[in-house]
Amino acid sequence: MNSRLTLHVQALPSWGLDWVRRALRNGGELYVKWINPDEHDPLDGLPVRVIGRVHPDDDDWTKRWLRQGEHGALAFYIRWYKFYKARPWVWAWETPNEPGMMGLDDVQALSAFVVRFCELMHRGGFRVAGLNTSVGWPALGFDKEPEDRGGNSDIPILAPAYDACDIWSFHEYGWPQMWTGEGFYCLRYRETVRQLVALGIKRKPIAITECGLDGLLVGPEPRGWREQDPPLDFESYLSQLAWYDQRLAEDNVLFAAIFTAGANAPWGSYELHQEEAWQLADYIATFRPRWAPELVTPRVPEGTTPVPNHAQIINLIGKLPVHPDEEFAERNLEDITHSVIHHSGGRQRPANVRRHIKAIARYHIRKYNWPGIAYTHVVDADGTIWLTGDLGSIRYHSGSKAWNRASIGICLLGDFRHGRGVPTHPQLEAAEWLVRDLGLPVVAHKKIVATACPGDLRSGWWRRLRRAAK
Ligand SMILES: [Zn+2]
């Protein structure tokens, strides 16, 4: 038998690399879970696979995006794409952390989000671990649970999402012991897996990307193993973890990452200090060397292409000027049927694109008294896609109320009237990728109202963009 235990890292401690070497001193391979991993690969060629998680500073947006289903997935992907891309050494990425979605509509939206997110991630060449559910959610049909839905399980709704992931990942905790409430706290994953397999879903490799003792199960404040009363010594904790380790071996689980090392506030009482981490490393090293039993490779669907290499995607939502009093109305994302294409009619290569987009936003607010910038996306001459507006807001870009409600506005920087200019090659490629990815037919602004925008439609670039959108 091999140990499945390993560390969950919030910030790599100074002793982190030595810990890995110590745990691997008899050979083998390790997995580590790491929040916001460094851009630079610190692992020095060690046989370690890192499962990364992004920790957004805009957590509310993540929740909003989850509730927006597949469209939210695109927004989330756009928000984090650059981050993922800059860390090619990370083995797999988690879907948004512990999505405790309460209403049935939310569960449905979460499922659509994950399916779409996996599709985008696979196209980008990334592996995905999901759904990182924690204790007591989703409803599994146990009537004693807080999320009881009259004995019904949420798993049939979430099955397509699990099917889309490369790795099934779970967070599991107990309190005051790991085995307290078996089947409900730790080892709850078994019931999820059982139901998925019963639904005909092919089983994926399983990972426990967080585990341990968590006082949040019984109280409102974070309370880790260090704050147990009576006090718990680490040998006792490790013996509980070893019990868990045995159970995981029965299911051939890839690994279980103990929360946590390098703790941020308020997780200090969960921390394994170097002294305890060393004991854990010795425990791991006494097992035979191992190699991961199952390798997964991302699936790139046929006929699809990754995001163009040069393209960057930058999220400006929340960072642009807005009107002090006015707000855009909201809409259902199902109402969106088209992308409307604009040109800015101004400079194609402003000295500072971010400042230029802010100036466009200010212009829309001051000149027209609009709540904010009219567009949802801006594509610049270098092929960078700037996310400027929430897809769920009805923005004022088309000059027609009905079209505003039914469309998103994509603006290419530049003036594309006859004889003035055309999109650059990277700009057109990025726009093509975006409209293909949105999966919506494109309409030129001038087909809706009398305007020169977005320029000469007999030009080759417009034919290419239309073809890409089909
Ligand atoms: Zn326009």
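In what order do the six strands of the open sheet run? The order is β9-β12-β11-β13-β10-β14, and the pairing is mixed. Here a strand is a DSSP run of E with at least two residues, a helix is a run of H or I with at least four, and both are numbered from the N terminus. Two strands pair if DSSP finds at least two bridges between them.

Two notes on reading come next. This is a predicted model, in which local features need pLDDT of at least 70 and side-chain atom pairs count only at pLDDT 80 or more, while totals for chains, interfaces and linings use all residues. Residues are numbered from 1 along each chain as its sequence is written.

Start with the whole chain. The protein chain is divided into domain 1 (5–286) and domain 2 (313–469). These bounds come from an automatic or database domain assignment. The C-alpha centres of domain 1 and domain 2 lie 38 Å apart. To their contact, domain 1 gives 10 residues and domain 2 gives nine residues. Two residues are in contact if their C-beta atoms, placed from the backbone, lie within 7 Å. On the side of domain 1 that touches domain 2, four residues are nonpolar, three are polar and three are charged. Nonpolar covers Ala, Val, Leu, Ile, Met, Phe, Trp, Tyr, Cys and Pro; charged covers Asp, Glu, Lys and Arg; the others, Gly among them, count as polar.

Now look at the barrel. It is closed, has eight strands with parallel pairing, and runs β1-β2-β3-β4-β5-β6-β7-β8. Neighbouring strands of this sheet are turned by 30° against each other on average, direction ignored. Axes are lines fitted to C-alpha atoms, for helices over the stretch in contact, and angles run from 0 to 180 degrees between N-to-C directions.

Follow a few of the barrel's pairs. Strand β5 (residues 128–133) joins strand β6 (residues 167–174) in the parallel sense over four bridges. Ala-129 stands opposite Ile-167 in β6. Next, β6 and β7 pair in the parallel sense over seven bridges. There Glu-172 has Cys-211 of β7 as its bridge partner. Cys-211 also stands opposite Ile-258 in β8. The parallel pairing of β7 with strand β8 (residues 256–261) takes two bridges.

Is strand β7 mostly covered or mostly open? Strand β7 (residues 206–213) is mostly covered, with eight of its eight residues buried. A residue is buried if 20 or more other C-beta atoms lie within 10 Å of its own, exposed if 12 or fewer, and partly exposed in between, with C-beta atoms placed from the backbone.

In helix α1 (residues 16–23), the buried residues include Gly-16, Trp-19, Val-20 and Ala-23. They cover an arc of only 100° around the axis, so they sit on the same side of α1. The arc is that of the directions from the helix axis to the C-beta atoms. These residues pack against β1 (5–9), β2 (30–35), β3 (48–53) and α8 (274–285). Helix α2 (residues 59–67) has Thr-62, Trp-65 and Leu-66 buried. Seen down the axis of α2, they fall within an arc of 100°, so they line one face of the helix. Their cover includes α3 and α4 (104–123). Just after α2, Gly-69 takes a positive phi of about 60°.

Return to the open sheet, the one with the order β9-β12-β11-β13-β10-β14. Its edge strands are β9 (313–315) and β14 (442–444), each pairing on one side only. The twist averages 25° from one strand to the next. Strand β11 (residues 377–379) and strand β12 (residues 385–387) are antiparallel, with three bridges. Val-379 stands opposite Ile-385 in β12.

Helix α3 (residues 69–85) lies across β9 and β12, at about 110° to β9. Helix α11 (residues 425–438) packs on the sheet and touches β10 (338–343), β11, β12, β13 (407–412) and β14. The direction of α11 makes about 150° with that of β11.
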